[in-house]
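Reader: I have a chain to go through with you. Can we take it in short questions and answers?

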Amino acid sequence: MKKRILDSISRPEDIKKLSIEELESLAEEIRAEIISTVQSIGGHLASSLGVVDLTLALYKVFDFSKDKLVWDVGHQAYAHKIITRGIEKFRTLRQFGGLSGFPKMDESPYDHFGVGHSSTSISACLGMAVARDILNQNHKVIAVIGDGSMTAGMAYEALNHAGDLEKDLIVILNDNEMSISKNVGALSSFLSRKLAHKRFVKFKQDLKRWLKQVPKFGEEILNYARKSEESLKNLFTPGILFEIFRFYYIGPIDGHNIKKMVQYFSEIKELNKPVLVHVLTKKGKGYPPAEKDPTLYHGVGKFKPNKQDKDKGPSIPTYSHVFGDVLCKLAEKDKKIIAITAAMPEGTGLVKFREMFPNRFFDVGICEQHAVTFAAGLATQGFKPVVAIYSTFLQRAFDQIIHDVCLQNLHVIFCLDRAGLVGEDGPTHHGSFDLSYLRLIPNMTIMAPKDEVELQNMIYTAINFNGPIAIRYPRGKVMGVDRSDEFKNIEIGEGEIVRQGNDLIIAAIGNMVYPSIDAANIVYDLHNIDCCVLNLRFAKPISQNTINLIGQFDKILVVEENTIFGGVSSYILELLCDHWKIKDKNILRIGIPDRFIEHGKPHELRKMLGLCEEGIVEGILKLIGKE
Ligand SMILES: Cc1ncc(C[n+]2csc(CCOP(=O)(O)OP(=O)(O)O)c2C)c(N)n1
């Protein structure tokens, strides 16, 4: 068997010794390695395949033991991981104890900045460039950012600042015309090669027609215009946009032509000013099913080799599906419902809504802040905007939630998907904080369903509410409870007893309710301990009735999949303190501890943190004194 070049790569410097032909072969080998690894363990496939050639060209020209490289989002950095960690380690990607799916500073000296949320790369690189100059150092700083990530305001804040400082900084725009879905927004059509070309051709035709009518000088000007076609063309390419920010624009360059990229990068390396290199790539490059459907293959679970299409979806629906389905049903009757997503129509379950109600669906791009204030504007006009954003990404819009929605008490419905531990994507993506960051805001109501029926009723309750209201639900499959089309209103702030018992009370919220019931049944069978289990349903408000019920017990266990700080258990402590004497009470809290939780399978992480039946059993025994 022919020896692979990949097997001779043990350090990034090895790339420098390779010829262009060898780099081209290596690119094929790396793509094959990425495909087979993702097939067996899941991961971000299409984006990573698209930048293999670009990665090799960068490593050929630059020296990242001193030059800095920041991958925006970082989901596309698999080739970078292979080059800097080796294949064996790469195969542990996203698994508990293995490599993270994203660049992470404490994982490798070649990961110059930790990423996961989009559009941070230019800001971080500008900070590094300023530090370099203050310290009189001499190295290059490079941000690689996708066209999807260029929809976020933060990228422009950084360009604006960078152009003003005129620092030596290279921004590589990796343009594959895709975000997770098709990229959106006016800018994306401006970037679009087809449109830019079309606009240019039309302008040329109009100009020609007009000049031909101009007597005497017309023909002369036309000849001149022909000569300066290249500079005219610039007016119709994205160059003009970046030049306004005082970036020197280079491109577009074929992002799969390693030879060309190496030539360009070698020249760019000699420039000492802000440069934007526009590179065109194909998302999913080298794997036909992913090239054909890059959205489906953006992030995948493990799938069978040689299977043309990965499984289209699990038979048991997810919380996202139920959310999308219920919202469609409600929107059929209520024309005021509007759905908003920030570049995640598939992930949040809104594809069906987009098809059914195209005029009431808005994908705003990776713009969580704008999504929230846009919703606030709609709410002032009597609409019922439903903002569906993952828990972790809504963190971006904290001020907009406070200032634009809650301060004005507007009826905006927040649906926070992927709340709690998300698993393999790790600490950048866990939804660990939402109960805390939402709870402290006046006027905010927060719910969390124990199952899909409750999710359905909570959406219904939220639509008929008046004021800011949030529902947080976990990633993954629902409980499998029978759902009917009957929607029920839930009384605000009221919990429900789901198991009677006298020895202690377990107050649980969201996905922790069923494990609490299971744990209560186990301790009853094994130890004759009889627990009352309360499904809180609300993280805020918690009604006086509900807190009185909890307060009657001397032994209280609170369980939530949220940081232990500032979430539901903190709230219960505060309420008990205000309304009851807590001196004689024995209270235990189970939640996400005050640290960032690593990546791994959700059940592994829950087991580690005691957010499962066994952990709750342990908690009960501790409270009872039977450890
Ligand atoms: C703040 C934030 N919102 C949403 C996401 C989810 N997300 C991850 S990748 C991605 C698309 C990025 O598109 P682009 O930058 O063009 O990269 P590509 O995958 O096309 O290479 C999105 C929306 C995120 N990582 N961060």
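Predicted model: local features only at pLDDT ≥ 70, side-chain atom pairs only at ≥ 80, totals over all residues.

Reader: Which residues are closest to the ligand?
Author: In total, 24 residues surround the ligand. A residue counts here if its C-beta atom, placed from the backbone, lies within 6 Å. The closest are Ser47, Ser118, Gly146, Gly148 and Ser149.

Reader: From which domains does the shell around the ligand draw at least three residues each?
Author: The chain is divided into domain 1 (6–192 + 238–292), domain 2 (319–472) and domain 3 (496–624). Two of these each give the shell at least three residues. They are domain 1 and domain 2.

Reader: How many residues of domain 2 are in contact with domain 1?
Author: The C-alpha centres of domain 1 and domain 2 lie 32 Å apart. Contact is judged between C-beta atoms, with a cut-off of 7 Å. On that basis, domain 1 brings 19 residues to the contact, and domain 2 brings 17.

Reader: On the side of domain 1 that touches domain 2, how many residues are charged?
Author: By class, 14 residues on that side of domain 1 are polar. Four are nonpolar. The charged count is one.

Reader: In the open sheet of five strands, which are the edge strands?
Author: The order is β1-β2-β3-β5-β4, with parallel pairing. From one strand to the next, the twist averages 20 degrees.

Reader: Which residue is the bridge partner of Val70 in β2?
Author: β1 pairs with β2 (residues 141–146) in the parallel sense. Four bridges link the two strands. Within β2, the partner of Val70 is Ala143.

Reader: Which residues of β11 point the other way from Ile469 and Ile471?
Author: In a regular strand, side chains alternate between the two faces of the sheet. Strand β11 covers residues 469–472, and its four residues are buried. Ile469 and Ile471 point one way; pointing the other way are Ala470 and Arg472.

Reader: Which residue stands opposite Ile469 in β11?
Author: β11 runs parallel to β9 (residues 413–417), joined by four bridges. There, Cys415 stands opposite Ile471. β11 also pairs with β10 (residues 445–447) in the parallel sense, over three bridges. Opposite Ile469 stands Thr445.

Technical notes:
Residues numbered from 1 in each chain as written. Domains from an automatic or database assignment. Contact = placed C-beta atoms within 7 Å. Nonpolar A, V, L, I, M, F, W, Y, C, P; charged D, E, K, R; others polar. Pairing = 2+ DSSP bridges. Axes fitted to C-alpha atoms, helices over the stretch in contact; angles between N-to-C directions. Buried ≥ 20, exposed ≤ 12 C-beta atoms within 10 Å, placed from the backbone.
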